[in-house]
Amino acid sequence: MAPKAYDPADDGAQMSFDGRMSYGDYLSLDKILSAQKPVSTADDELLFIIQHQTSELWMKLALHELTVAKARIAADDVQPAFKQLARVARIFEQLNSAWDVLRTMTPSDYTTFRNALGQSSGFQSFQYRAIEYMVGNKNAAMMRPHEHVDGVYAWLEAIRQDTSLYDEAIRLLARNGFSISDAALKRDVSAPYQADESVRLAWIEVYRDPARYWPLYELAEKLVDFEDYFRRWRFNHVTTVERVIGFKRGTGGTSGVNYLKRMLDVVLFPELWALRADL
């Protein structure tokens, strides 16, 4: 006689979910798993859609964590913010790994459905734009792709007009007794951040005596850690696009690889990278 098959109910597992919340109910899997709507018959289009949809979900979480971290730094509740910043760095590590899956799609594979994408392009991602604005890369020109969506445009503009994560870190330095210039503290926060000598000198002092300024030192390292993964994500984006489409123009009309390479030159926290030459 064959042994009786294992029944999880024997261990007390709930097996009946009629009228009760199940795993699928809680996660709204019916909506998530029906959100993939290929517009071609190409086999690889589903990979393309899922890679970008999952990236948007990770970006949603990154925005949540950055919002919490920024609020905590502004409230001088610095150490709990480290968990959020560490988590955002790991999120971008996860996003980096996603490029490895997309790279399994060859240039020939992509051409089978590329024309069906119309003018849609990743640079139109409003969540990615929100992340860039929240961490300080506030290019007002990048608002234009979202002008046709009132709620999104207003949301992005509010983020652009607000302080960035790095603005709050600099204000924290000032509240901890460092001499920060008015140019840094009272700048137009809707504009891209420009490196400031007083901020550089403050971070140098923090790094030269980390035991004395440990929370600020750890905050600086968390910011650098995040930007490290963020830069890798940008670089992997460039190499993936170059591998799949070469130097063709992007579907959204950008110069493609050349546009993405220009983004590699953007530095979010310039003083934290520059100070390493002064230590």
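F92, W99, Y128, Y166, Y193, F226, F230, W233 and F269 together make up one aromatic cluster. The model is predicted, and local features are taken at pLDDT of at least 70, side-chain atom pairs only at pLDDT 80 or more, while totals for chains, interfaces and linings use all residues. Residues are numbered from 1 along each chain as its sequence is written, and side-chain values rest on heavy atoms, with hydrogens and water left out.

**Aromatic pairs**

- Across the whole structure, a search finds 17 aromatic pairs, where rings of Phe, Tyr and Trp (its six-membered ring) pair if their centres lie within 6.5 Å, and planes under 30 degrees apart count as stacked, over 60 as edge-to-face and the rest as tilted.
- The pair of F92 and F226 is edge-to-face, because the ring centres are 5.7 Å apart and the planes stand at 80 degrees.
- F92 belongs to helix α4 (residues 78–102) and F226 to helix α11 (residues 214–245), so this pair ties together parts that are 134 residues apart in sequence; helices are DSSP runs (H or I, at least four residues), numbered from the N terminus.
- W99 and W233 have ring centres 5.7 Å apart and planes at 45 degrees, so their pair is tilted.
- This pair, too, links distant parts of the chain, with W99 in helix α4 and W233 in helix α11, 134 residues apart.

**Burial**

- F92 and F226 are both buried, that is, under 20% relative accessible area with a 1.4 Å probe and protein chains only.
- W99 and W233 are likewise both buried.

**Charges over rings**

- The charged end of K222 sits over the ring of F82, 5.7 Å from its centre, the criterion being NZ of Lys or CZ of Arg within 6 Å of the ring centre and within 35 degrees of the ring normal.
- R231 lies over the face of W273, at 4.1 Å from the ring centre.

Technical notes: Helix = DSSP H or I, 4+ residues; strand = E, 2+ residues; numbered from the N terminus. Buried < 20%, exposed > 50% of the residue type's maximum accessible area, 1.4 Å probe, protein only.
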